[in-house]
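The following note sets out several points for a colleague examining this structure.

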Amino acid sequence: MLTVIGEGLVDVVQRASGIEAHVGGSPLNVAVGLARLDHPVQFIGRYGRDAYGDSVAAHLRASSVMLPLGPDELPTSVATALIDDDGAATYTFDLAWDLPGIADRLGFMLQGTTLLHTGSIATMLAPGATEVLAAVEYAHPHATISFDPNCRPSIITDVDYARRHAEKFVSLADVVKASDEDLAWLYPGQDVLESARTWLAMGGSEGPAMVVVTRGGEGPWGITAAGEAAVAAPRVEVADTVGAGDSFMAALLSGLVDRGLDGAENRKDLRELPAEALAELLAHAARAAAVTVSRPGANPPTRAEMNALPGD
């Protein structure tokens, strides 16, 4: 069983021509991506007992993502984008992130979990961030931990606060993925790859086995104790980049699971993953991201779509 814990929300886009609403949230997108790649996955996150909450639950269930938590009495989180006549967007957020009582249920909900993924707003926004950290600490002795900071400077504006929280999760994670923009914001003035190398050493023998940096059109780069690797980004006609990083994350984790590298008992093998195997994983994940950017919205590929691609 794979578990994703984090925020789900609804993106509402207001234009002169009307209003559009789409289910989103980085962890939620990763859960959908993993399910579409035929992995059993559950999503631990909150959503309200309202129309937007209904759409969140329906979206997850449509991809066979399991939902151990039902709706609560708070409104579903919403990110609203107001698009002016020139196409510029102004964002406002109405976010509620809290998982009260989850600590007493972790033993039941994480039973059988071999990999736990989290990241983004869920790991930095109080009070829920504390509950997510507790879940990661609970799962760490038996499960692979993956983390994507997916920084949101418009929501978490204090970079020192964000850096401290990110480093807490990095030191507990086996697999870390960050964009070059994430690292440039968290460590201004530092080379992003050097920042990633620093993360690899964080936490010692219990810290990351793999750190990956996505670099847009330049292609992803990654490092393990056994070496470094970089691959080119596939050339595609871009519809938009919404959800590309989340599709990359899901496919990267899927590749690790397919290789039998999930579960705490496989940490040594994951840490010793050679550069050649790392490059294969990066290429696979980059192809998944390319599928997503080739079509509108956060729409990750299925395993059948991936199998039909050259190189998969």
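1. Aspartate 174 and arginine 267 are both buried. These two residues form a salt bridge in this predicted model, with 2.6 Å between the closest N and O atoms. Aspartate 174 belongs to the loop between helix H5 (159–172) and strand S9 (175–179), whereas arginine 267 belongs to helix H9 (residues 267–271), so the pair ties together parts that are 93 residues apart in sequence.

2. A salt bridge also joins the side chains of glutamate 305 and arginine 295, at 2.9 Å from N to O. Glutamate 305 is in helix H11 and arginine 295 is in the loop between helix H10 (275–293) and H11, so this pair ties together parts that are 10 residues apart in sequence. Glutamate 305 has a relative accessibility of 31% and therefore counts as partly exposed. Arginine 295 has a relative accessible area of 19% and is classed as buried, because the cut-off is under 20%.

3. The side chains of aspartate 38 and arginine 303 meet in a salt bridge as well, at 3.9 Å from N to O. This pair links distant parts of the chain, 265 residues apart: aspartate 38 sits in the loop between helix H1 (26–36) and strand S4 (41–44), and arginine 303 sits in helix H11 (residues 303–307). Aspartate 38 is exposed, its relative accessible area being 55%. Arginine 303, at 23%, is partly exposed. Salt bridges link Asp38, Asp258 and Arg303 in a network. The structure holds 13 salt bridges.

4. How many aromatic pairs does the structure contain? The count comes to two aromatic pairs. In one of them, the rings of phenylalanine 147 and phenylalanine 169 have centres 5.4 Å apart and planes at 20 degrees; the pair is stacked because that angle is under 30 degrees. Phenylalanine 147 lies in strand S8 (residues 144–148) and phenylalanine 169 in helix H5, so the pair ties together parts that are 22 residues apart in sequence. Phenylalanine 147 is buried at 1% relative accessibility, and phenylalanine 169 is buried at 2%.

5. Tyrosine 187 and tryptophan 199 form an edge-to-face aromatic pair, with 6.1 Å from centre to centre and 75 degrees between the planes. Tyrosine 187 is in the loop between helix H6 (180–186) and helix H7 (192–201), while tryptophan 199 is in helix H7; the two are 12 residues apart. Both tyrosine 187 and tryptophan 199 are buried.

6. Is helix H8 mostly covered or mostly open? H8 is mostly covered, as 13 of its 15 residues are buried. The helix comprises residues 244–258, and at 1.5 Å a residue its 15 residues should span 21 Å. The end C-alpha atoms of H8 are 21 Å apart, which agrees with that expectation. Glycine 260, which follows H8, has a positive phi near 70 degrees.

7. Serine 247 is part of helix H8. With a relative accessible area of 4%, serine 247 is buried. When residues up to four places away in sequence are not counted, serine 247 touches Ala288, Ala289, Thr292, Pro300 and Pro301.

Notes:
Residues are numbered from 1 along each chain as its sequence is written. This is a predicted model: local features need pLDDT of at least 70, side-chain atom pairs count only at pLDDT 80 or more; totals for chains, interfaces and linings use all residues. Side-chain values use heavy atoms; hydrogens and water are left out. Helices (H or I, at least four residues) and strands (E, at least two) are DSSP runs, numbered from the N terminus. The expected span of a helix is 1.5 Å times one less than its number of residues. Buried means under 20% relative accessible area, exposed over 50%, partly exposed in between (1.4 Å probe, protein chains only). A salt bridge is a side-chain nitrogen of Lys or Arg within 4 Å of a carboxyl oxygen of Asp or Glu. Contact means heavy atoms within 4.5 Å. Rings of Phe, Tyr and Trp (its six-membered ring) pair if their centres lie within 6.5 Å; planes under 30 degrees apart count as stacked, over 60 as edge-to-face and the rest as tilted.
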